[in-house]
Amino acid sequence: MGAAWLWLLAAGLFEIVWAVGLKYSEGFSRLGPSAITVAAMGASFWCLARALREIPLGTGYAVWVGIGAVGTAIAGVLLFSEPATWPRAFCVGLILAGIIGLKLTSA
């Protein structure tokens, strides 16, 4: 995996952090979680920008969103007792398949 893909992975992981942070910030009414959320947003966008120097925009953006969506869905189940039903797991699997497909078909 090249450096650009590592930047993209980092961007996706920071996206998970800021998405979860939004929940903990309670509408930006709690200072600590709000600060972490904003910092993670900045880090996520910065890492994405670094990745997009080499990865095509459509691929990079879709993978970034996909990592965030899958990770946030898993975090919702683990942290907030959201339902872990088979239809939800199947849909998350489809997103994951799309991420892998984009990676495998990118130059």
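Residues are numbered from 1 along each chain as its sequence is written, and side-chain values use heavy atoms, with hydrogens and water left out. In this predicted model, local features need pLDDT of at least 70 and side-chain atom pairs count only at pLDDT 80 or more, while totals for chains, interfaces and linings use all residues.

**Exercise 1.** Find the salt bridge of the structure and state how exposed its two partners are.

*Solution.* Begin with the criterion, which asks for a side-chain nitrogen of Lys or Arg within 4 Å of a carboxyl oxygen of Asp or Glu. A search of the whole structure on this basis returns one salt bridge, and it pairs E82 with R88, whose closest N and O atoms are 3.6 Å apart. Next, apply the accessibility classes (buried under 20% relative accessible area, exposed over 50%, partly exposed in between, with a 1.4 Å probe and protein chains only). E82 is partly exposed because its relative accessibility is 32%, and R88, at 33%, is partly exposed as well.

**Exercise 2.** Describe the lining of the largest pocket by helix and by residue class.

*Solution.* The helices are DSSP runs of H or I with at least four residues, numbered from the N terminus. Those that each supply at least two lining residues are α1 (3-25), α3 (57-80) and α4 (86-105). Among the lining residues are M1, W5, I67, L96 and K103. Sorted by class (nonpolar: Ala, Val, Leu, Ile, Met, Phe, Trp, Tyr, Cys and Pro; charged: Asp, Glu, Lys and Arg; polar: the others, Gly among them), the lining holds 10 nonpolar residues, one polar and one charged.

**Exercise 3.** Examine the phi angles of E26 and F28, and locate both residues.

*Solution.* Most residues other than glycine have a negative phi. E26, however, has a positive phi near 50 degrees, and F28 has a positive phi of about 60 degrees. E26 sits in the loop between α1 and α2 (31-51), and F28 is found in the loop between α1 and α2. E26 counts as exposed because its relative accessibility is 53%, whereas F28, at 45%, counts as partly exposed.

How values were computed
1 Å grid on protein atoms, 1.4 Å probe; cavity = no way out; pocket = protein on both sides within 12 Å on 5 of 7 lines; lining within 4 Å.
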